[in-house]
Amino acid sequence: MKKQKRNNKKSSSKSKIAKIIELKCDKSPFCPVKRVCPTGAVERAGFFMGKITINDEKCIGCGKCIQVCPHNAVSF
Ligand code: SF4
């Protein structure tokens, strides 16, 4: 009898992926985090005061977003 894999979790080889802490994010339309990301991983839902998210597929873990966020709303 063959054993079936039951691992439904999405696996990733990346060691670091940035995450937005929603409660700290002010959703500013001038968000510096979105401007500094070299891969365009920081995405906004709509232009004004839209929710800001980080695309796991695009993030390379460089940490630039963590350095520039004025509210410390980004972490690994
Ligand atoms: S860690 Fe780097 S690549 Fe990932 S979201 Fe932040 S700035 Fe973009």
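A residue is taken to be near a molecule when its C-beta atom, placed from the backbone, lies within 6 Å of that molecule. The model is predicted: local features require pLDDT of at least 70 and side-chain atom pairs pLDDT 80 or more, whereas totals for chains, interfaces and linings use all residues. Residues are numbered from 1 along each chain as its sequence is written.

**Figure 1. Surroundings of the ligand.** The ligand is surrounded by 14 residues, the closest being A18, C37, C59, C62 and C65. This shell comprises ten nonpolar, three polar and one charged residues, where Ala, Val, Leu, Ile, Met, Phe, Trp, Tyr, Cys and Pro count as nonpolar, Asp, Glu, Lys and Arg as charged, and the others, Gly among them, as polar.

**Figure 2. Order of the secondary-structure elements.** The protein has two helices and four strands, arranged from the N terminus as β-α-β-β-α-β. Helices (H or I, at least four residues) and strands (E, at least two) are DSSP runs, numbered from the N terminus. Of the contacts between residues at least 6 apart in sequence, 61% join residues at least 24 apart; a contact requires C-beta atoms, placed from the backbone, within 7 Å.

**Figure 3. The largest nonpolar core.** Twelve residues form this core: A18, C31, V33, C37, A41, V42, I52, C59, C65, C69, A73 and V74. Such a core is a set of buried Ala, Val, Leu, Ile, Met, Phe, Trp, Tyr and Cys residues joined through C-beta atoms within 7 Å. A residue is buried if 20 or more other C-beta atoms lie within 10 Å of its own, exposed if 12 or fewer, and partly exposed in between, with C-beta atoms placed from the backbone. Buried residues amount to 16% of the 76 in the protein. Leaving aside residues up to four places away in sequence, C37 touches V42, K64 and C65.

**Figure 4. K34 in helix α1.** K34 belongs to helix α1 and counts as partly exposed because it has 18 C-beta neighbours inside 10 Å. Apart from residues up to four places away in sequence, K34 touches V42, R44 and I52. The C-alpha atoms of K34 and R44, ten residues apart along the chain, are separated by 8.4 Å.

**Figure 5. Two loop residues with positive phi.** K27, which is not a glycine, has a positive phi of about 55° and lies in the loop between β1 (19-20) and α1 (32-36). With 16 other C-beta atoms within 10 Å, K27 is partly exposed. N72, also a residue other than glycine, has a positive phi near 50°. N72 is placed in the loop between α2 (64-68) and β4 (74-75), and is exposed, with 10 other C-beta atoms within 10 Å.

Definitions and conventions: Contact = placed C-beta atoms within 7 Å.
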